Amino acid sequence: MNKIAQVTLLFWITKICATTLGETAGDLLAQTMNVGYGTSSLILLGIFLVVLAGQLAMSRYIPVLYWATILATSTAGTTMSDYMDRTLGLGYATGSLILVSLLGLVLGLWWLREKSLSVTEIRTRTGEVFYWAAILVSNTLGTALGDFLADDSGLGFGGGALLIGGLLAVLVLAYYFTGISRVLLFWAAFVLTRPFGATFGDLLTKPTAKQGLGFGTEGSSLILFGLLVALVLYETLRRKPAGVAEPGGIAAR
């Protein structure tokens, strides 16, 4: 039943790539294609539910399906956050506070139901649902935090990415040199890698006049998609068994 990725360096690299792609792809649909935040959120939430249904139906870990679900949470989270902050006019700070509270609620309910927030051993369907709910909320929260740092804090896209990168470095040091709960550190890092991806995505897409690199949503999305495919393909091939059993019971090598 344990169908989640192992938390390794490859996991974090792929996660940052997926969340950055989610930022650029969500903006591509909502802004560049002018679909709008509300309609885009409904479309992307629908895609997330379809992909999640496939993930829940599997009996083993499949890298392509797992990371497709992560990407779906990221794209949906981008437009949902923008809908709250911009269309509803809540603002980045208020939206972030609401989402922090919602994430705390999801994690609290998960703990009460499962007595665990482990991200290495999830062996019940209920735990798996809570896991994906927490990921969806944390990715939505990350977008709001990233936008707040880039726009309202005065740090800009580059400054926001540097700040989040510094905080992530602190978490890495805490992992290796302190006894802080690994589960707590994971969720802190998971939340922070989303605004890191969001600010990095803005850095890639925004014009140079706004301190960006000027690749646009289309170019940035294509680059990040290619990188994500390469990373997932590498993980899939790395997990492939050395031998495949033949009818006679002898492994082919």
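## Around Trp110

Let us start at one residue of this predicted model. Leaving aside residues up to four places away in sequence, Trp110 touches Lys115, Ser116, Leu117, Ser118, Ile122, Gly127, Phe130, Tyr131, Ala134 and Trp187. Touching here is a contact, meaning heavy atoms within 4.5 Å.

## How the model is read

Residues are numbered from 1 along each chain as its sequence is written, and side-chain values use heavy atoms, with hydrogens and water left out. Because the model is predicted, local features need pLDDT of at least 70 and side-chain atom pairs count only at pLDDT 80 or more, while totals for chains, interfaces and linings use all residues.

## The overall plan

The protein chain has eight helices and two strands. Read from the N terminus, the order is α-α-α-α-α-α-α-α-β-β. Both kinds of element are DSSP runs numbered from the N terminus: helices are H or I with at least four residues, and strands are E with at least two.

Of the 253 residues in the protein chain, 46% are buried. Buried means under 20% relative accessible area, exposed means over 50%, and partly exposed is in between (1.4 Å probe, protein chains only). Among contacts with a separation of 6 or more, 73% join residues 24 or more positions apart. The accessible surface comes to about 12300 Å², and carbon and sulfur atoms hold 70% of that surface. Such areas come from the Shrake-Rupley method with a 1.4 Å probe; for residues, only the protein chains shown count as cover.

## Nonpolar cores

Trp110 returns here, as one of the residues with the most contacts inside the largest nonpolar core; the others are Tyr66, Trp67, Ile70, Tyr131 and Trp187. This core has 46 residues. A nonpolar core is a set of buried Ala, Val, Leu, Ile, Met, Phe, Trp, Tyr and Cys residues joined through side-chain atoms within 4.5 Å.

Helix α5 gives the most, with nine residues. Another core, of ten residues, lies apart from the largest one and includes Ala161, Leu168, Leu171 and Ala189.

## Salt bridges

Side chains of opposite charge can pair when their charged atoms come close. The whole structure holds five salt bridges, each a side-chain nitrogen of Lys or Arg within 4 Å of a carboxyl oxygen of Asp or Glu. In one of them Asp82 pairs with Arg86, the closest N and O atoms being 3.8 Å apart. Both residues lie in helix α3, four residues apart, about one turn of the helix. Asp82 is buried at 1% relative accessible area, whereas Arg86 is partly exposed at 34%.

Helix α5 holds both Arg125 and Glu128, three residues apart, about one turn of the helix. Their closest N and O atoms are 3.6 Å apart. Arg125 is partly exposed at 41%, while Glu128 is buried at 4%. Shared partners join Lys3, Arg125 and Glu128 into one salt-bridge network. Arg123 also pairs with Glu121, at 2.7 Å between the closest N and O atoms, and Glu121 is partly exposed at 45%.

## An enclosed space

The model has one cavity of 30 Å³ or more. On a 1 Å grid over the protein atoms alone, a cavity is a set of points where a 1.4 Å probe fits but cannot get out, and lining residues have an atom within 4 Å of a point. Grid points are joined across faces, edges and corners, and the volume is the space filled by probe spheres set on the points.

The largest cavity holds about 60 Å³ of space. Its lining includes Ala5, Phe11, Tyr61, Trp67, Glu235 and Arg239. The elements giving two or more residues to this lining are α1 and α8.

Methods: 1 Å grid on protein atoms, 1.4 Å probe; cavity = no way out; pocket = protein on both sides within 12 Å on 5 of 7 lines; lining within 4 Å.
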